[in-house]
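Here is a short briefing on one protein chain. Keep the sequence and the 3D view open as you read.

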Amino acid sequence: MIDSSRKILIIDDEPNIRTMVAKILEKHVFDVLTAADGAEGISLFRSARPSLMLVDIGLPDMSGLEVLTLVKEESPATQVIIFSGQGTALDVANAIRLGATDYISKPVNMSMLLHSINRCVDWMELSQEHDRYVRQLEREFQSQSLESSGQKTPDPEAMLSLIRSRRSVRAYTDRVPTDAVINSLLACAFNAPSAGNEQPWHFIVIKDRSVLTKIPEFHPYSAMLKTSHCAILVCGDMNLQKFPGNWTLDCSNATMNILLAAHAIGLGAVWLGVHPEKDREEGMRKLLSIPEGVVPFALVVLGYPAKLPESRERKPMEERIHRNAW
Ligand SMILES: Cc1cc2nc3c(=O)[nH]c(=O)nc-3n(C[C@H](O)[C@H](O)[C@H](O)COP(=O)(O)O)c2cc1C
């Protein structure tokens with residue numbers, strides 16, 4: 001099927017020109033329509049909506065410039081090339097001022113005409129691509145703002161059940177989470193709330209097995225790292241603190257977002273405490289060359305679950321929930 005950017009309407013009262021140009025353009029895979037005067041041309045333009053028109057300036061019933069004006073009013077994106085037998089410099093200037101893409105003198109030099117048409121087609125394809133891109137951005141922006149304004153939430157019961165069903169997962173298959181998957185978790189971490197929106201965090205993604213297997217040398221509760229392929233170390237940057245003391249809360253929020261996002265996409269994860277244990281902090285600092293002023297906070301170990309954990313005992317809610325006062 002010929003795509004819509006290759007539909008051309010020729011309006012010219014000379015039958016030879018119409019037939020010759022149409023034949024050549026059809027050979028170049030254009031879908032060609034023809035009209036012998038302005039009225040027929042305008043009616044074909046309205047019914048067929050060509051993306052490109054070749055219009056003779058001297059039509060029997062009206063000027064090609066009148067056709068050009070009408071077409072540009074009704075469909076500014078339609079490209080119009082004006083033909084002329086004995087055009088003056090003023091005609092050329094007028095045609096361009098009225099929005100013609102090009103002006104070609106008769107007798108028609110076919111290679112010049114093809115060059116001009118191909119330029120139009122390239123431009124139209126580019127502009128269609130641009131429009132698609134803008135529409136996609138608008139859709140994404142719209143859905144993001146709807147989500148952030150709370151007007152559209154993905155199935156609320158599914159969200160709640162996701163939060164309730166998260167468990168620490170400590171056994172993983174050999175499948176390694178891709179960088180795209182890790183990035184989608186990090187995007188959720190960056191969306192965590194932080195005091196004064198200071199976002200005092202840094203993340204170190206560790207996929208190197210020789211690094212992961214060194215962590216149990218200084219972290220007593222990290223045996224799962226011997227079989228894991230991926231972990232994210234959440235760190236707090238003391239130099240970024242606007243509200244001193246809040247960084248642990250901010251980093252906790254980011255860590256929790258990673259755990260929930262991992263669970264949402266079928267990964268298993270566990271939070272390994274690092275801060276405030278000094279030996280674990282120093283172990284991480286040395287192993288990963290973390291600068292002073294940045295404190296390793298928590299290590300999230302990630303992988304595709306080899307074994308789903310049993311549900312954990314939870315404290316009875318009535319013992320811990322107080323209403324209106326203690
Ligand atoms: C601050 C913190 C530190 C933790 N440290 C470790 C750890 O070092 N090793 C580990 O296996 N699990 C660790 N966990 C995971 C907890 O053991 C786990 O969240 C808890 O037992 C509840 O189980 P659940 O996550 O399956 O609900 C830690 C969790 C938190 C919040």
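Which residue takes a positive phi just after H2? Arginine 49 does, at about 45°. Bear in mind that this is a predicted model.

**Domains**
- The protein chain splits into domain 1, residues 4-129, and domain 2, residues 156-303.
- Taken over C-alpha atoms, the centres of domain 1 and domain 2 are 62 Å apart.

**The sheet**
- Five strands form an open sheet with parallel pairing, in the order E2-E1-E3-E4-E5.
- Strand E2 (31-35) and strand E5 (102-105) are the edge strands, and each pairs on one side only.
- From one strand to the next, the twist averages 20°.
- Five bridges link strand E1 (residues 7-11) to E2 in the parallel sense.
- Leucine 9 has leucine 33 in E2 as its bridge partner.
- In general, strands of a sheet pair through backbone hydrogen bonds.

**Helix H2**
- Helix H2 spans residues 38-48 and lies across E1, E2 and strand E3 (52-56).
- H2 runs at about 165° to E1.
- Its buried residues are Gly38, Gly41, Ile42 and Phe45.
- These residues lie on the same side of H2, because they cover an arc of only 100° around the axis.
- E1, E2, E3 and helix H3 (64-74) are among the elements that cover the buried residues of H2.
- Ser43, Ser47 and Ala48 are exposed, on the face of H2 turned away from its buried side.

Terms used
Residues numbered from 1 in each chain as written. Predicted model: local features only at pLDDT ≥ 70, side-chain atom pairs only at ≥ 80, totals over all residues. Pairing = 2+ DSSP bridges. Helix = DSSP H or I, 4+ residues; strand = E, 2+ residues; numbered from the N terminus. Axes fitted to C-alpha atoms, helices over the stretch in contact; angles between N-to-C directions. Contact = placed C-beta atoms within 7 Å. Domains from an automatic or database assignment. Buried ≥ 20, exposed ≤ 12 C-beta atoms within 10 Å, placed from the backbone. Arc of directions from axis to C-beta.
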